[in-house]
Amino acid sequence: MPTMTLNDAVLELDAEGFLADANQWNEGVAEAIARENGIPVLTEDHWKVIRYMRDTWFASGQAPTIRSLGKESGVDVKTLYKLFPKGPAKLAAKIAGIPKPHGCI
Amino acid sequence: MQRIVILGAGTAGTIMANRIAREYRRDLAGGGMSLTVVDQDNEHVYQPGLLFVPFGVYQPEELVRPRRPTLPDAAAYVQCPIDRVEADANLVYLEDGRTLPYDLLIVATGTRVLPEETEGLTGPGWYEKMFDFYTVEGSTRLAKALREFEGGRLVINVVDMPIKCPVAPLEFAFLSDWYFTQRGIRDKVEISYATPLEGAFTKPMCNRHLTHLLTEKGIEMVNDFNTGSVDGKAGKLISWDEREVPFDLLVTIPLHGGAAFVGRSPGLGDDLGFVKTHPNTLQAERAPNIFAIGDATNVPASKAGSVAHFESEVLIENIKHFLNDELLEHGFDGHANCFIETGFDKALLIDFNYEVEPLPGKFPLPLVGPMSLMEETRINHLGKLAFKWVYWNMLLPGRDIPLVGPQMSMTGKHTPEPVAVTSANPNLERHPHAHHDA
């Protein structure tokens with residue numbers, strides 16, 4: 001299993017770089033994952049989304065969809081794509097330290 | 001008296017009504033139980049057939065039958081739109097003001113397309129050069145547009161997931177290639193497939209195979225494309241990250257949602273109106289005496305008739321357990337089985353569940369088949385066409401399909417590499433507490 005090391009803490013990741021255990025997450029981890037994915041600085045809007053992702057996941061066991069993010073996180077969909085380029089729901093989940101939202105089949 | 005109410009008389013609701021009528025024949029005849037089925041209209045559509053309507057293979061009227069004859073005589077049929085479910089009061093409110101009390105409720109109201117949720121999609125150009133094929137009206141109108149299409153860019157666009165029959169948009173692309181080849185104008189038509197997914201399909205092995213087929217058939221793929229809006233006048237799709245895909249003819253697979261009443265029923269559904277449902281027991285999270293089946297649920301399985309059928313075998317057992325005050329079985333594993341029409345009278349067949357991705361092999365009998373998994377063959381295509389008869393005569397009456405059980409089987413399958421096990425649903429681990437309290 002791949003890992004990342006941050007301040008001497010070894011964190012386990014899955015094959016796609018998602019944190020294996022959401023409880024190992026902290027703000028430093030979020031910043032490190034963000035940097036690795038091309039987001040050098042996390043702004044207040046980023047944090048709003050990240051906190052919403054974690055709250056939803058811990059409350060419901062599901063990562064929020066892009067649509068519910070746009071409606072309820074306080075950041076609209078267009079801005080979400082600017083903050084987290086390409087796939088906001090996926091990238092925000094990664095930075096928030098929760099599992100990859102499963103593509104529904 | 002036990003009052004069972006089923007909402008929805010489509011594939012899943014009809015199968016359940018027939019299974020319950022058989023299982024509880026005596027109770028229903030003797031007055032110990034009542035069974036009521038509700039639907040808003042009287043047209044049962046054979047939905048797998050909609051894919052073929054635009055290409056003139058089926059006429060729309062061949063696909064529609066009245067609902068009442070497909071339901072058991074022992075069931076009362078109420079035709080009326082549903083307003084909402086009040087779970088605390090065990091009541092279904094109908095739009096005409098009537099209420100239906102229940103002891104056990106089964107929600108089987110499926111999914112619907114919501115083109116109005118995408119900016120511009122139902123604006124200028126809708127049903128002129130922009131069509132869906134998930135409705136009888138859309139597929140019928142698209143048939144005419146395809147007949148009159150003389151060349152240009154045909155774009156197939158999946159707006160968002162989840163969608164009903166996730167392989168249907170790919171099949172549409174494959175059949176378009178076949179259709180324009182037959183008409184002798186394939187060289188005048190550019191076919192493009194724009195999807196929010198990273199590939200053609202989300203399961204790795206299947207994705208590789210299907211992506212290869214797209215390439216082979218000269219179909220362009222635009223991936224990670226999240227449609228933000230549609231400009232019908234200019235003929236282009238615009239993604240949230242401001243990429244554009246131009247089209248002359250757009251075949252859209254709009255956003256899907258559950259039935260509208262789910263949103264009006266406190267606590268029943270998720271933000272798209274799908275009923276929050278335990279993925280293995282099919283019990284709704286909202287209340288122990290509510291169950292959900294088929295496209296109406298939020299379980300991470302395909303929204304497909306085969307899934308509804310496999311779920312029904314588990315759900316009938318859990319209904320018996322529930323009525324007997326027994327623990328529920330965690331029997332549903334996400335089993336799905338889909339034909340993928342690839343054009344030129346051939347089809348692929350795939351078989352998978354929550355954990356195991358589609359694999360090559362023979363089906364349903366190891367080595368013998370006669371159908372081949374993950375391989376384009378003519379017999380798979382014949383299987384797909386024969387399925388229409390199986391649907392009306394075996395599936396809806398709720399009969400078990402010979403040799404194919406509710407749990408996926410690994411026999412006859414080749415695993416050339418370690419089977420990919422994904423954590424399909426964090427709920428599996430995270431909510432072990434619920435649903436045993438029946």
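How many helices and strands does the secondary structure of chain B come to? The secondary structure of chain B comprises nine helices and 24 strands, where helices (H or I, at least four residues) and strands (E, at least two) are DSSP runs numbered from the N terminus. The model is predicted: local features need pLDDT of at least 70, side-chain atom pairs count only at pLDDT 80 or more, and totals for chains, interfaces and linings use all residues. Residues are numbered from 1 along each chain as its sequence is written, while chains are lettered from A and ligands numbered from 1 in the order in which they are written.

The C-alpha trace of chain B spans about 65 × 50 × 40 Å along its principal axes. Its radius of gyration is 22 Å, which agrees with the value near 22 Å for a compact globule of 438 residues; the radius is taken over C-alpha atoms, and the globule rule is 2.2 Å times the number of residues to the power 0.38.

Chain B is divided into domain 1 (2–113 + 257–323), domain 2 (115–255) and domain 3 (337–430), with bounds from an automatic or database domain assignment. Between domains 1 and 3 of chain B, 22 residues of domain 1 are in contact with 17 residues of domain 3, contact requiring C-beta atoms, placed from the backbone, within 7 Å. On the domain 1 side, the elements giving two or more residues are α1 (11–23) and α7 (305–323) of chain B, and α7(B) gives the most, with seven residues. This side divides into ten nonpolar, nine polar and three charged residues (Ala, Val, Leu, Ile, Met, Phe, Trp, Tyr, Cys and Pro count as nonpolar, Asp, Glu, Lys and Arg as charged, and the others, Gly among them, as polar).

Chain B also contains an open sheet of three strands in the order β15-β16-β17, with antiparallel pairing; strands pair if DSSP finds at least two bridges between them. Because β15 (227–231) and β17 (244–246) of chain B each have a single partner strand, they stand at the edges, and one side of each is left without a neighbour in the sheet. β15(B) and β16 (residues 236–239) of chain B pair over four bridges, and B:Val230 stands opposite B:Leu237 in β16(B).

In chain A, helix α2 (residues 44–60) packs against helix α5 (residues 88–96) at an angle of about 80 degrees, with their axes 9 Å apart. Axes are lines fitted to C-alpha atoms, for helices over the stretch in contact, and angles run from 0 to 180 degrees between N-to-C directions. α2(A) and α5(A) are therefore roughly perpendicular, a term covering 65 to 115 degrees. The contact is made by A:Val49, A:Ile50, A:Met53 and A:Arg54 of α2(A) and by A:Ala92, A:Ala93, A:Ile95 and A:Ala96 of α5(A).

Notes:
Angles under 35 degrees count as roughly parallel, over 145 as roughly antiparallel, 65 to 115 as roughly perpendicular and the rest as oblique. Two residues are in contact if their C-beta atoms, placed from the backbone, lie within 7 Å.
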